[in-house]
Amino acid sequence: MSNHKLLRPDAKVTHVIFDVDGLLLDTERIYTECFQEICAEFDKEFTWDIKVKQMGKKEKESGQVLLDTLNLPLSLDELIRKLREKLDEKLPFTELLPGAEKLIRHLHNHHIPIALASGSDGWCYRRKIASHKELFSLFHHCVLSSDDPEVTHGKPSPDCFLVCARRFDDSPKLDQVLVFEDAPNGVEAALAAGMRVVWVPDDRADRSSFEGRVDLILDSLENFKPECFGLPAFNSS
Ligand SMILES: O=c1[nH]cc([C@@H]2O[C@H](COP(=O)(O)O)[C@@H](O)[C@H]2O)c(=O)[nH]1
Ligand SMILES: [Mg+2]
(Lines give C-alpha, C1' and ligand atoms only; values in the text may rest on other atoms or scores of the structure.)
(Ligands and ions follow the chains in the order given, each with its own letter.)
Protein backbone atom coordinates (compact mmCIF):
# COMPACT_ATOMS: atom_id res chain seq x y z
CA MET A 1 0.00 0.00 0.00
CA SER A 2 2.96 2.34 0.37
CA ASN A 3 3.31 2.68 -3.41
CA HIS A 4 0.25 4.92 -3.73
CA LYS A 5 -2.15 2.30 -5.12
CA LEU A 6 -5.32 3.91 -3.88
CA LEU A 7 -8.52 2.40 -2.56
CA ARG A 8 -10.71 5.14 -4.12
CA PRO A 9 -8.56 6.74 -6.82
CA ASP A 10 -11.18 9.17 -8.20
CA ALA A 11 -12.52 10.65 -4.97
CA LYS A 12 -11.21 14.20 -4.60
CA VAL A 13 -10.20 15.51 -1.19
CA THR A 14 -11.28 19.04 -0.20
CA HIS A 15 -10.21 19.29 3.47
CA VAL A 16 -7.39 17.73 5.48
CA ILE A 17 -7.27 16.84 9.19
CA PHE A 18 -3.99 15.93 10.85
CA ASP A 19 -3.40 13.99 14.04
CA VAL A 20 -0.60 15.53 16.13
CA ASP A 21 1.38 13.09 18.32
CA GLY A 22 3.49 10.60 16.39
CA LEU A 23 2.27 12.03 13.08
CA LEU A 24 3.49 15.65 12.95
CA LEU A 25 5.47 15.74 16.20
CA ASP A 26 7.94 13.22 17.59
CA THR A 27 6.13 12.97 20.92
CA GLU A 28 5.33 9.24 20.97
CA ARG A 29 8.99 8.64 21.82
CA ILE A 30 8.57 11.04 24.76
CA TYR A 31 5.38 9.35 26.03
CA THR A 32 7.17 6.00 25.84
CA GLU A 33 10.11 7.31 27.92
CA CYS A 34 7.77 8.80 30.56
CA PHE A 35 5.62 5.69 30.90
CA GLN A 36 8.68 3.42 30.94
CA GLU A 37 10.10 5.44 33.83
CA ILE A 38 6.82 5.32 35.76
CA CYS A 39 6.37 1.57 35.19
CA ALA A 40 9.99 0.87 36.19
CA GLU A 41 9.35 2.50 39.60
CA PHE A 42 6.92 -0.38 40.22
CA ASP A 43 9.04 -3.09 38.53
CA LYS A 44 6.61 -3.30 35.63
CA GLU A 45 7.28 -3.17 31.91
CA PHE A 46 5.64 -0.68 29.54
CA THR A 47 5.07 -2.83 26.43
CA TRP A 48 3.98 -2.01 22.87
CA ASP A 49 0.72 -3.90 23.53
CA ILE A 50 -0.14 -1.39 26.25
CA LYS A 51 1.09 1.60 24.28
CA VAL A 52 -0.93 0.80 21.18
CA LYS A 53 -4.10 0.68 23.31
CA GLN A 54 -3.28 4.12 24.77
CA MET A 55 -2.20 6.00 21.65
CA GLY A 56 -4.68 8.67 20.57
CA LYS A 57 -6.92 8.32 23.61
CA LYS A 58 -7.81 11.14 25.99
CA GLU A 59 -5.31 11.51 28.84
CA LYS A 60 -7.59 10.01 31.50
CA GLU A 61 -8.83 7.15 29.30
CA SER A 62 -5.26 6.22 28.41
CA GLY A 63 -4.08 6.48 32.03
CA GLN A 64 -6.85 4.10 33.04
CA VAL A 65 -5.67 1.59 30.41
CA LEU A 66 -2.23 1.56 32.05
CA LEU A 67 -3.60 1.22 35.60
CA ASP A 68 -6.01 -1.57 34.64
CA THR A 69 -3.45 -3.54 32.62
CA LEU A 70 -0.56 -3.40 35.08
CA ASN A 71 -2.46 -3.04 38.36
CA LEU A 72 -0.26 -0.14 39.42
CA PRO A 73 -0.80 0.97 43.04
CA LEU A 74 -1.70 4.52 41.99
CA SER A 75 -4.91 6.46 41.61
CA LEU A 76 -5.61 7.96 38.18
CA ASP A 77 -4.89 11.45 39.56
CA GLU A 78 -1.54 10.30 41.00
CA LEU A 79 -0.56 8.70 37.70
CA ILE A 80 -1.42 11.85 35.77
CA ARG A 81 0.49 14.02 38.25
CA LYS A 82 3.60 11.83 37.81
CA LEU A 83 3.20 11.82 34.03
CA ARG A 84 2.85 15.61 33.84
CA GLU A 85 5.96 16.19 35.94
CA LYS A 86 7.92 14.21 33.38
CA LEU A 87 6.16 15.69 30.33
CA ASP A 88 6.75 19.21 31.63
CA GLU A 89 10.52 18.63 31.32
CA LYS A 90 10.52 16.79 27.99
CA LEU A 91 7.73 18.23 25.81
CA PRO A 92 9.24 21.69 25.21
CA PHE A 93 12.02 19.96 23.22
CA THR A 94 9.60 18.24 20.84
CA GLU A 95 10.77 17.99 17.23
CA LEU A 96 8.82 17.82 13.99
CA LEU A 97 8.69 14.50 12.14
CA PRO A 98 10.10 14.26 8.57
CA GLY A 99 7.80 15.59 5.88
CA ALA A 100 5.40 17.33 8.28
CA GLU A 101 6.47 20.94 7.77
CA LYS A 102 6.70 20.67 3.98
CA LEU A 103 3.19 19.19 3.70
CA ILE A 104 1.56 21.67 6.11
CA ARG A 105 3.10 24.69 4.35
CA HIS A 106 2.24 23.30 0.92
CA LEU A 107 -1.45 22.75 1.72
CA HIS A 108 -1.70 26.11 3.45
CA ASN A 109 -0.05 27.91 0.51
CA HIS A 110 -2.61 26.30 -1.80
CA HIS A 111 -5.54 27.36 0.43
CA ILE A 112 -6.56 23.80 1.30
CA PRO A 113 -8.42 24.00 4.64
CA ILE A 114 -6.35 22.16 7.26
CA ALA A 115 -7.08 21.40 10.93
CA LEU A 116 -5.83 19.30 13.85
CA ALA A 117 -7.62 16.59 15.85
CA SER A 118 -5.62 15.27 18.79
CA GLY A 119 -6.20 13.17 21.90
CA SER A 120 -4.14 15.73 23.80
CA ASP A 121 -5.21 18.57 26.09
CA GLY A 122 -4.22 22.24 26.06
CA TRP A 123 -1.61 21.93 28.83
CA CYS A 124 0.39 19.33 26.84
CA TYR A 125 -0.35 20.88 23.44
CA ARG A 126 1.12 24.27 24.42
CA ARG A 127 4.35 22.57 25.50
CA LYS A 128 4.50 20.32 22.41
CA ILE A 129 4.24 23.21 19.96
CA ALA A 130 6.38 25.66 21.99
CA SER A 131 9.16 25.72 19.36
CA HIS A 132 6.78 25.47 16.38
CA LYS A 133 4.17 28.16 17.07
CA GLU A 134 4.28 29.84 13.68
CA LEU A 135 3.85 26.54 11.81
CA PHE A 136 0.94 25.46 14.00
CA SER A 137 -0.74 28.86 13.52
CA LEU A 138 -1.35 27.82 9.89
CA PHE A 139 -4.13 25.41 10.92
CA HIS A 140 -7.69 26.72 10.71
CA HIS A 141 -8.52 25.15 14.09
CA CYS A 142 -7.41 22.49 16.53
CA VAL A 143 -9.59 20.01 18.44
CA LEU A 144 -7.99 18.87 21.71
CA SER A 145 -10.10 15.89 22.77
CA SER A 146 -9.01 15.78 26.43
CA ASP A 147 -10.38 19.33 27.00
CA ASP A 148 -13.09 19.77 24.42
CA PRO A 149 -16.63 19.55 25.84
CA GLU A 150 -18.03 18.50 22.45
CA VAL A 151 -15.73 15.44 22.22
CA THR A 152 -17.62 12.97 24.39
CA HIS A 153 -15.37 9.98 23.73
CA GLY A 154 -11.73 9.90 22.65
CA LYS A 155 -10.34 7.92 19.71
CA PRO A 156 -11.27 5.21 18.55
CA SER A 157 -14.66 6.91 18.75
CA PRO A 158 -15.20 9.23 15.74
CA ASP A 159 -16.22 12.23 17.91
CA CYS A 160 -13.07 14.34 17.54
CA PHE A 161 -12.99 14.03 13.74
CA LEU A 162 -16.71 14.83 13.40
CA VAL A 163 -16.34 17.89 15.67
CA CYS A 164 -13.23 18.91 13.73
CA ALA A 165 -15.00 18.64 10.34
CA ARG A 166 -17.96 20.72 11.63
CA ARG A 167 -15.61 23.57 12.62
CA PHE A 168 -14.40 24.26 9.09
CA ASP A 169 -16.19 27.33 7.64
CA ASP A 170 -17.83 25.37 4.83
CA SER A 171 -18.99 22.01 6.34
CA PRO A 172 -17.16 19.53 4.09
CA LYS A 173 -18.63 16.23 2.92
CA LEU A 174 -17.13 13.64 5.25
CA ASP A 175 -15.91 11.41 2.42
CA GLN A 176 -13.96 14.36 1.00
CA VAL A 177 -12.03 14.88 4.24
CA LEU A 178 -8.62 13.23 4.39
CA VAL A 179 -7.23 12.26 7.80
CA PHE A 180 -3.55 11.59 8.48
CA GLU A 181 -3.03 9.33 11.50
CA ASP A 182 -0.32 7.25 13.13
CA ALA A 183 -2.34 5.45 15.84
CA PRO A 184 -4.59 2.45 15.22
CA ASN A 185 -7.17 4.07 17.57
CA GLY A 186 -7.04 7.18 15.39
CA VAL A 187 -7.45 5.21 12.17
CA GLU A 188 -10.52 3.44 13.63
CA ALA A 189 -11.92 6.84 14.64
CA ALA A 190 -11.44 8.38 11.18
CA LEU A 191 -12.93 5.34 9.42
CA ALA A 192 -15.91 5.43 11.78
CA ALA A 193 -16.35 9.12 10.85
CA GLY A 194 -16.60 8.08 7.18
CA MET A 195 -13.41 9.90 6.20
CA ARG A 196 -10.50 9.00 3.93
CA VAL A 197 -7.38 7.86 5.77
CA VAL A 198 -3.63 7.89 5.23
CA TRP A 199 -2.01 5.77 7.94
CA VAL A 200 1.63 6.42 8.86
CA PRO A 201 2.20 3.60 11.36
CA ASP A 202 4.91 2.92 13.90
CA ASP A 203 7.24 0.11 12.75
CA ARG A 204 5.81 -2.14 15.47
CA ALA A 205 2.18 -1.81 14.33
CA ASP A 206 0.37 -4.72 12.69
CA ARG A 207 -0.23 -3.35 9.19
CA SER A 208 -2.51 -6.21 8.13
CA SER A 209 -5.21 -4.88 10.47
CA PHE A 210 -5.95 -1.95 8.14
CA GLU A 211 -4.87 -3.13 4.69
CA GLY A 212 -7.82 -2.69 2.34
CA ARG A 213 -9.60 -0.41 4.83
CA VAL A 214 -7.46 2.73 4.71
CA ASP A 215 -6.69 4.62 1.50
CA LEU A 216 -2.95 4.44 1.92
CA ILE A 217 -0.23 3.21 4.29
CA LEU A 218 3.00 5.22 4.27
CA ASP A 219 6.35 4.69 6.00
CA SER A 220 6.77 8.45 6.30
CA LEU A 221 4.85 11.65 5.54
CA GLU A 222 7.81 12.49 3.28
CA ASN A 223 6.51 9.92 0.77
CA PHE A 224 3.05 11.49 0.37
CA LYS A 225 2.01 12.56 -3.13
CA PRO A 226 -0.86 15.06 -2.80
CA GLU A 227 -1.94 14.78 -6.44
CA CYS A 228 -3.03 11.16 -5.81
CA PHE A 229 -5.88 12.59 -3.70
CA GLY A 230 -6.81 15.42 -6.08
CA LEU A 231 -4.71 17.91 -4.10
CA PRO A 232 -2.09 20.21 -5.71
CA ALA A 233 1.21 18.45 -6.43
CA PHE A 234 4.35 19.67 -4.66
CA ASN A 235 5.80 21.11 -7.85
CA SER A 236 2.62 23.03 -8.76
CA SER A 237 2.81 26.84 -8.57
O1 LIG B 1 2.26 6.14 24.82
C2 LIG B 1 1.29 6.88 24.76
N3 LIG B 1 1.01 7.58 23.65
C4 LIG B 1 -0.08 8.42 23.53
C5 LIG B 1 -0.93 8.56 24.57
C6 LIG B 1 -2.15 9.43 24.52
O7 LIG B 1 -2.42 9.78 23.16
C8 LIG B 1 -2.51 11.19 23.04
C9 LIG B 1 -1.98 11.63 21.71
O10 LIG B 1 -2.96 11.41 20.79
P11 LIG B 1 -2.92 11.93 19.26
O12 LIG B 1 -1.92 11.12 18.56
O13 LIG B 1 -4.33 11.69 18.88
O14 LIG B 1 -2.56 13.39 19.27
C15 LIG B 1 -1.69 11.74 24.16
O16 LIG B 1 -2.04 13.07 24.45
C17 LIG B 1 -2.00 10.75 25.27
O18 LIG B 1 -3.24 11.10 25.86
C19 LIG B 1 -0.65 7.83 25.75
O20 LIG B 1 -1.36 7.95 26.73
N21 LIG B 1 0.44 7.00 25.80
MG1 LIG C 1 -1.02 10.17 16.97
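Helices (H or I, at least four residues) and strands (E, at least two) are runs assigned by DSSP and numbered from the N terminus. This is a predicted model, in which local features need pLDDT of at least 70, side-chain atom pairs count only at pLDDT 80 or more, and totals for chains, interfaces and linings use all residues. Residues are numbered from 1 along each chain as its sequence is written, while chains are lettered from A and ligands numbered from 1 in the order in which they are written.

The chain is divided into domain 1 (15–26 + 94–229) and domain 2 (28–93); such bounds come from an automatic or database domain assignment. The C-alpha centres of domain 1 and domain 2 lie 22 Å apart. Where they meet, 20 residues of domain 1 are in contact (C-beta atoms, placed from the backbone, within 7 Å) with 16 residues of domain 2. On the domain 1 side, α6 (122–128) and α9 (184–192) each supply at least two of the touching residues.

Ligand 1 lies between the two domains, because domain 1 and domain 2 both give residues to the shell around ligand 1. A residue counts as near a molecule if its C-beta atom, placed from the backbone, lies within 6 Å of it. The ligand is surrounded by 22 residues, of which Asp21, Tyr31, Ser62, Ser118 and Gly119 are the closest. Two or more shell residues come from each of α1 (28–41), α2 (48–54) and α3 (59–70), and α1 gives the most, with 4 residues. By class, the shell has 6 nonpolar, 9 polar and 7 charged residues. Here Ala, Val, Leu, Ile, Met, Phe, Trp, Tyr, Cys and Pro count as nonpolar, Asp, Glu, Lys and Arg as charged, and the others, Gly among them, as polar.

Two of these helices, α1 and α3, also pack against α4 (residues 76–90). Two packed helices are described by the angle between their axes and the distance between the axes. Axes are lines fitted to C-alpha atoms, for helices over the stretch in contact, and angles run from 0 to 180 degrees between N-to-C directions.

For α1 and α4 the angle is about 140°, with the axes 10 Å apart. The two helices are therefore oblique to each other: angles under 35 degrees count as roughly parallel, over 145 as roughly antiparallel, 65 to 115 as roughly perpendicular and the rest as oblique. Their contact includes Ile30 and Glu33 of α1 and Lys82 and Leu83 of α4.

For α3 and α4 the angle is about 105°, again with axes 10 Å apart, so α3 and α4 are roughly perpendicular.

Conventions: Two residues are in contact if their C-beta atoms, placed from the backbone, lie within 7 Å.
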